[in-house]
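Please examine the sequence and the three-dimensional structure shown below.

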Amino acid sequence: MLLPALADRTFAQGAGAVPQGQGGGAPGAAAPPNRGGGAGAQGGGAGGQGRGGAAGAQGGRGGGRGNAAPPAQPTPRWPDGTVNWGPTVGQTGLWNVAGGTFARPDGPLSPGDPVKPTLSEIPFQPWTRAIYDYRQENQLEPYTRCKTSGAFRQVATAYGTQFVNFPELKQFIIFQTGGSHSFRTIYMDGRPHPKDMAPSYYGHSTGVFEGDTLVVDTVGYNERMWISNLEGMPHSGLLHTIERFARTDMNTIKYELTIDDPGAYTATWKTNFDIRFSPGNESFEFVCQDGNQAFDLMVGSLGEVDRSSPFVP
């Protein structure tokens with residue numbers, strides 16, 4: 001059984017760790033030097049070792065053991081004063097999430113830990129708590145079968161993900177390296193959500209800047225995607241998320257996720273993460289079907305599959 005604490009420890013290992021065992025390869029061509037950057041889970045470096053990978057010094061939560069990390073540089077900005085969401089001009093880098101669970105175990109908060117709700121504070125409905133508990137036993141995460149997932153799960157994709165602002169197009173796009181190697185478009189032109197839309201893995205995202213903070217409003221998710229990684233926090237088709245991204249310095253993006261889902265929870269609730277910058281890393285070609293080394297997780301982790309039962313991811 002993979003408890004939330006174990007999952008959190010797995011996802012905090014650093015820039016080279018591969019969360020669900022989908023291996024990677026050597027970094028390839030650099031991303032174009034637009035207003036971009038990266039954001040991801042444990043990615044950014046070479047992978048391919050099944051469930052593991054070499055932890056990078058820039059990933060995770062700090063520098064080398066016993067050595068204090070140097071002070072972070074200020075938030076980089078473009079000549080017009082707006083935030084640069086990626087590396088500085090002439091440099092490379094991706095973003096990586098340190099820690100992968102929405103809720104922490106019950107008990108006192110450890111020094112340096114992000115302030116998250118405890119598991120007992122999550123306003124589960126009875127059926128969602130039952131699904132959550134089941135997913136701790138049997139990890140049938142769509143990611144391991146090369147399915148895309150939105151909200152935090154996209155931000156927490158292996159090998160790093162780029163954040164790219166295209167002000168001339170009025171779009172902000174999140175490109176992920178691992179997994180399905182896809183992207184999510186956030187429309188910044190003031191358009192409303194469509195009234196009648198087919199549910200999708202990413203949903204429909206609109207965004208605005210509140211000062212330096214990017215605020216993303218998303219609806220229209222299907223129930224086949226996951227909003228979290230190994231933890232498997234459930235949701236319904238009524239899910240409405242609000243994400244807030246704030247680059248507070250060169251090395252850190254503060255990420256806050258609000259979950260409004262009356263079909264799955266009895267109240268709206270929030271969680272948060274720190275997204276860490278991994279300098280020197282670049283996105284590369286990743287073919288999910290070829291790079292997937294999580295053979296056991298592709299059919300769950302109970303050791304067998306009952307084909308007479310409905311398949312519920």
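**From the whole chain to single residues**

Of the contacts in the protein with a separation of 6 or more, 68% are made by residues 24 or more positions apart, where contact means heavy atoms within 4.5 Å. The structure is a predicted model, in which local features need pLDDT of at least 70 and side-chain atom pairs count only at pLDDT 80 or more, while totals for chains, interfaces and linings use all residues. Residues are numbered from 1 along each chain as its sequence is written, and side-chain values use heavy atoms, with hydrogens and water left out.

The protein contains 4 helices and 9 strands. These are DSSP runs numbered from the N terminus: helices are H or I with at least four residues, and strands are E with at least two. Read from the N terminus on, the order of elements is α-β-α-α-β-β-β-β-β-β-β-β-α.

How much of the protein is buried? Buried residues account for 52% of the 313 residues. Here buried means under 20% relative accessible area, exposed means over 50%, and partly exposed lies in between (1.4 Å probe, protein chains only).

In soluble globular proteins, nonpolar side chains tend to be buried together. A nonpolar core is defined as a set of buried Ala, Val, Leu, Ile, Met, Phe, Trp, Tyr and Cys residues joined through side-chain atoms within 4.5 Å. The largest such core has 39 residues, and Phe102, Phe163, Phe245 and Ile275 have the most contacts inside it. At least two residues of this core come from each of β1, α3 (152-155), β3 (171-176), β6 (213-219), β8 (252-260) and β9. A second, separate core has 7 residues, among them Tyr143, Cys146, Ala158 and Phe286.

On a 1 Å grid over the protein atoms alone, a cavity is a set of points where a 1.4 Å probe fits but cannot get out, and its lining residues have an atom within 4 Å of a point. Grid points are joined across faces, edges and corners, and a volume is the space filled by probe spheres set on the points. By this rule there is 1 cavity of 30 Å³ or more. The largest cavity has a volume of about 50 Å³, and its lining includes Tyr143, Lys147, Arg153 and Gln176. The lining residues divide into 1 nonpolar, 7 polar and 2 charged. In this count, Ala, Val, Leu, Ile, Met, Phe, Trp, Tyr, Cys and Pro are nonpolar, Asp, Glu, Lys and Arg are charged, and the others, Gly among them, are polar.

Where does Arg247 lie, and is it buried or exposed? Arg247 belongs to strand β7 and is buried, with a relative accessible area of 5%. A polar atom of its side chain lies 2.6 Å from the backbone oxygen of Asn84, and a polar atom of this side chain lies 3.3 Å from the backbone oxygen of Asp249. Both are polar contacts, that is, pairs of N or O atoms within 3.5 Å; within protein, one must be able to donate a hydrogen and the other to accept it, and residues adjacent in sequence count only if both atoms are side-chain atoms. Leaving aside neighbours within four places in sequence, the contacts of Arg247 include Thr75, Trp85, Trp95 and Phe277.

Loops also hold buried residues. Lys116, in the loop between β1 (93-97) and α2 (126-137), is buried at a relative accessible area of 9%, and its side chain reaches the backbone oxygen of Thr101 at 2.6 Å. Asn222, in the loop between β6 and β7 (240-249), is buried at 10%. The side chain of Asn222 reaches the backbone nitrogen of Arg224 at 2.9 Å.

Backbone angles deserve attention as well. Most residues other than glycine have a negative phi. Ala151, although not a glycine, has a positive phi of about 55°; Ala151 lies in the loop between α2 and α3 and is buried, at 0% relative accessibility. Lys170 also has a positive phi, near 55°, but Lys170 is partly exposed at 49% relative accessibility.

Finally, Pro262 lies in the loop between β8 and β9 and is exposed, with a relative accessible area of 55%. Leaving aside neighbours within four places in sequence, Pro262 is in contact with Gln125 and Leu238.

Methods
1 Å grid on protein atoms, 1.4 Å probe; cavity = no way out; pocket = protein on both sides within 12 Å on 5 of 7 lines; lining within 4 Å.
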